[in-house]
Amino acid sequence: MQVNEVVLPGIGEPESLSVRTRELPGPGPGQAVVRVEASGVSFAEQQMRRGKYYDQPAFPFVPGYDLVGIVEAIGPAGSGGSVSPVQLGERVAALTKIGGWADRVVLEIADLVPVPDGVAPIDAETAVVNGVTAWRMLWRSARVRPGQTILVLGAGGGVGSTLVQLATHVGIRVIGTASKSQHDRLRELGVIPVDYHDDVRARVRELAPDGVAAVFDHVGGPGITDSWHMLARGGTLVSYGTAATKNVPGNPRLPVLKLLAQLALWNLLPNGRSTTFFNLWAGKARHPARYRAELREDLGQVFALLADGSITAQVARTFPLTDAGAALRYAESGGVAGKVVLLP
Ligand SMILES: NC(=O)c1ccc[n+]([C@@H]2O[C@H](COP(=O)([O-])OP(=O)(O)OC[C@H]3O[C@@H](n4cnc5c(N)ncnc54)[C@H](OP(=O)(O)O)[C@@H]3O)[C@@H](O)[C@H]2O)c1
């Protein structure tokens, strides 16, 4: 069986991505071959091509943070002779961090999450990394209540447009920052848009004079201080990225460590507010069984909301897998409305 996959050769422009074909080893015990139907372009690949992702592997490697596809082959039963929880021909989703930009992948069966009937593969794809990140930050990190007001930075992006829908669906009032071109679309999603090129802090003070119950900040950098100051008493700052430092040269871990130190300091202050840094991968290495169970649970919840129409997939644009370079270039162009999806 052969696989076509996209290779990131080293630090470089999106156009440096190339496609290679190789023989795919058969699945081992506990593994399955998934024929990929859709794979996502995430912000992580913008960082990886710059060598700026916190724990990226050595070059060259195949990027691709998440995917949806069909189980095409299942490996031999392990020594315990256990029955596979997925069936041949079943549609599944997986969070891979790297490796998803391929037309076939070999994955651990335990990492596969079934996609419900009635959810199209492209739609499901928009909900994998974005859906789990958004769901966990809203319900596990911030624990906001209906009727409260939150602020979502980058509300038009992949994670942002999923998060705002999960929140408005249960009656949370959402203020979302985005560039102007995204504002009409955000209003349609029930969000109060604010241009992040304006004075966001002043505008949020007008809209929520007592502050907001939570701020979701993927930007980091000096602006994190504004996010902290916009919180109401009892509010939580959920920090989950350092997009502001994408082009800052140097060790990719430094901006994250600096941010963590700042968050920890604020947490020590007796001021009735709190901070947390959300990491999608936390617990995976130490408690893999619990991690996988929670992934099935959380992604299952987001898929159910997609299936019953409570939230809608935000697909910015699709590209053939072989045009991954153009897709990444487009994803970096600014004002992108939702998720960029690759189709093998
Ligand atoms: N910690 C974790 O475990 C975890 C997991 C998943 C994702 N993430 C993070 O989540 C973030 C979003 O990922 P994504 O794939 O959804 O990216 P995306 O689709 O590219 O969305 C990013 C959004 O940020 C907006 N933006 C850029 N600069 C901004 C600023 N200064 N203020 C406010 N908004 C700004 C962009 O808006 P315009 O295009 O309009 O400029 C864009 O809509 C990334 O930083 C990623 O690292 C973290």
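**A predicted protein and its ligand**

Proline 60 sits in the loop that runs between α1 and β4 (66–74); helices (H or I, at least four residues) and strands (E, at least two) are DSSP runs, numbered from the N terminus. The peptide bond leading from phenylalanine 59 into proline 60 is cis, its omega being near -10 degrees. Another backbone feature turns up at lysine 97, which has a positive phi of about 70 degrees although it is not a glycine. Lysine 97 is placed in the loop between β5 (91–95) and β6 (104–108).

The model is a predicted one, so to speak of local features takes a pLDDT of at least 70 and side-chain atom pairs count only at pLDDT 80 or more, while totals for chains, interfaces and linings use all residues. Residues are numbered from 1 along each chain as its sequence is written, and side-chain values use heavy atoms, with hydrogens and water left out.

On the whole-protein scale, there are 10 helices and 15 strands. With 344 residues, a compact globule would have a radius of gyration near 20 Å, and the protein agrees with that at 20 Å (taken over C-alpha atoms, with the globule rule being 2.2 Å times the number of residues to the power 0.38). Along the principal axes, the C-alpha atoms fill a box of roughly 60 × 40 × 40 Å.

Now for the ligand. It has 24 residues around it, and Val159, Ser179, Tyr196, Leu280 and Gly335 come nearest (a residue is near if one of its heavy atoms lies within 4 Å). By class, this shell has 9 nonpolar, 15 polar and no charged residues; here Ala, Val, Leu, Ile, Met, Phe, Trp, Tyr, Cys and Pro count as nonpolar, Asp, Glu, Lys and Arg as charged, and the others, Gly among them, as polar. Several polar contacts (pairs of N or O atoms within 3.5 Å) can be picked out. In the side chain of tyrosine 196, an N or O atom is 2.3 Å from an oxygen atom of the ligand. Taken alone, the ligand exposes 930 Å², and the protein buries 81% of that (accessible areas by the Shrake-Rupley method with a 1.4 Å probe). Two or more residues of the shell come from each of α1 (43–48), α3 (129–142) and α4, with α1 giving the largest share, 3 residues.

A cavity is a set of points, on a 1 Å grid over the protein atoms alone, where a 1.4 Å probe fits but cannot get out; a pocket is an open set with protein on both sides within 12 Å along at least five of seven lines, and lining residues have an atom within 4 Å of a point. Grid points are joined across faces, edges and corners, and a volume is the space filled by probe spheres set on the points. The largest cavity has a volume of about 90 Å³. Its lining is made of 14 residues, with Thr126, Thr162, Thr312, Ala313 and Gln314 nearest the centre, and helix α4 (residues 158–169) gives the most, 4 residues. That lining has 4 nonpolar, 9 polar and 1 charged residues.

The second largest pocket has a volume of about 230 Å³. Among the residues lining this pocket are Arg136, Phe278, Leu280 and Glu294.

Conventions: Polar contact = N/O pair within 3.5 Å; in protein donor to acceptor, adjacent residues only side chain to side chain.
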